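Here is a short walk through the structure shown below. Keep the viewer open and follow along from stop to stop.

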Amino acid sequence: MSVFKARRIINQIRGCSYEETLMILELMPYRASYPILKLVYSAAANANHNMGLNKADLFISKAEVNGGTIVKKLRPRAQGRSYPVKKPTCHITIVLKDKSKSFLNESKI
């Protein structure tokens, strides 16, 4: 997905708690919110399984979207011509922290 489409969603959830983030992402009307929802689920599952943190105490401390490579394809057109199709990609990074163990509450809106 495009960097701009992903950033529009990431800016809404930055600094929110885990449950609030899930509610926001499920109710957003954008198609790009579903992959970000899956990413937040995965990050919370990793925090729970690998570090033993409680999902209810997690909040999003850092969320960023960086541009990735652009996939270039050729689309066949009339009379033997071809037009380029450029599909942008992005790298999404989400960092979850525990509220009870965090001394600095970084809530950026």
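Let's begin with Thr21, which sits in helix H2 (residues 18-27); helices here are DSSP runs of H or I with at least four residues, strands are E runs of at least two, and both are numbered from the N terminus. This is a predicted model, where local features need pLDDT of at least 70, side-chain atom pairs count only at pLDDT 80 or more, and totals for chains, interfaces and linings use all residues. Residues are numbered from 1 along each chain as its sequence is written, and side-chain values use heavy atoms, leaving out hydrogens and water.

With a relative accessible area of 0%, Thr21 is buried (under 20%; exposed is over 50% and partly exposed in between, with a 1.4 Å probe and protein chains only). Setting aside residues up to four places away in sequence, Thr21 touches Ile13, Cys16, Val40 and Ile60, contact being heavy atoms within 4.5 Å.

Now turn to Gln79, in the loop between strand S1 (58-76) and strand S2 (82-98). Gln79 counts as exposed because its relative accessibility is 72%. Its phi is near 60 degrees, a positive value in a residue other than glycine.

Strand S2 also leads us to the lining of the largest pocket, to which S2 gives the most, with three residues. Among the lining residues are Met1, Tyr30, Pro35 and Lys87 (a pocket is an open set of points on a 1 Å grid over the protein atoms alone, where a 1.4 Å probe fits, with protein on both sides within 12 Å along at least five of seven lines; lining residues have an atom within 4 Å of a point).
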